[in-house]
Amino acid sequence: QVQLEESGGGSVQAGGSLRLSCAASGYRYRSSDYCMAWFRQAPGKEREKVAGIESDGSTSYADSVKGRFTISKDNAQNTVYLQMNSLKPEDTAVYYCAAAHGCGFPQSQYAYWGQGTQVTVSS
């Protein structure tokens with residue numbers, strides 16, 4: 001199975017920046033069918049997808065983070081990053097990385113999940 005582990009979370013003032021990392025190991029997906037995505041869940045709210053990156057490098061973002069967040073990965077597709085700039089208190093959540101055959105799949109089709117990392121943005 002694929003194992004995912006997030007890091008880089010923490011607390012920051014509004015307007016600040018953080019970079020999250022997701023290290024992947026034990027790949028079983030074919031590289032041509034592989035998507036990595038970031039989700040987040042705030043207290044009392046549903047988990048939502050914030051960004052995704054396909055094996056070919058194409059990216060997608062939730063409207064709430066467009067222009068502020070950037071998803072990227074290293075050349076070996078071993079680590080995925082989420083650069084978060086101009087952070088707002090509304091961005092406070094637990095952030096999870098997940099893997100699926102395609103970024104357009106529903107959450108139930110993301111087979112592998114990390115344990116999450118907390119991001120707290122103070123006003």
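**Exercise 1.** Determine in which sense strand S2 and S11 pair, and over how many bridges.

*Solution.* Strand S2 (residues 10-13) and S11 pair in the parallel sense over four bridges. Strands here are DSSP runs of E with at least two residues, numbered from the N terminus, and two strands pair if DSSP finds at least two bridges between them. The bridge partner of Gly 10 in S11 is Val 119. S11 also pairs with S9, in the antiparallel sense and over three bridges; here Val 119 of S11 is the bridge partner of Ala 93.

The model is predicted: local features need pLDDT of at least 70, side-chain atom pairs count only at pLDDT 80 or more, and totals for chains, interfaces and linings use all residues. Residues are numbered from 1 along each chain as its sequence is written, and side-chain values use heavy atoms, with hydrogens and water left out.

**Exercise 2.** Assign the residues of S11 to a covered and an uncovered face.

*Solution.* The covered face consists of Thr 117, Val 119 and Val 121. The uncovered face consists of Gln 118, Thr 120 and Ser 122.

**Exercise 3.** Give the strand order of the open sheet of four strands, and identify its edges.

*Solution.* The order is S1-S3-S8-S7, with antiparallel pairing. Strand S1 (3-7) and S7 are the edge strands, each pairing on one side only. Within the sheet, S3 and S8 pair over six bridges, and Leu 20 has Leu 82 of S8 as its bridge partner.

**Exercise 4.** Describe the largest nonpolar core and the contacts of Met 36.

*Solution.* A nonpolar core is a set of buried Ala, Val, Leu, Ile, Met, Phe, Trp, Tyr and Cys residues joined through side-chain atoms within 4.5 Å. The largest one has 29 residues, of which Leu 4, Met 36, Trp 38, Leu 82, Met 84 and Tyr 95 touch the most other members. Elements giving two or more residues to this core include strand S4 (35-41) and strand S5 (48-54). Not counting residues up to four places away in sequence, Met 36 is in contact (heavy atoms within 4.5 Å) with Leu 4, Cys 22, Gly 52, Ile 53, Ile 71, Val 80, Ala 98, Ala 99 and Cys 103.

Notes. Buried means under 20% relative accessible area, exposed over 50%, partly exposed in between (1.4 Å probe, protein chains only).
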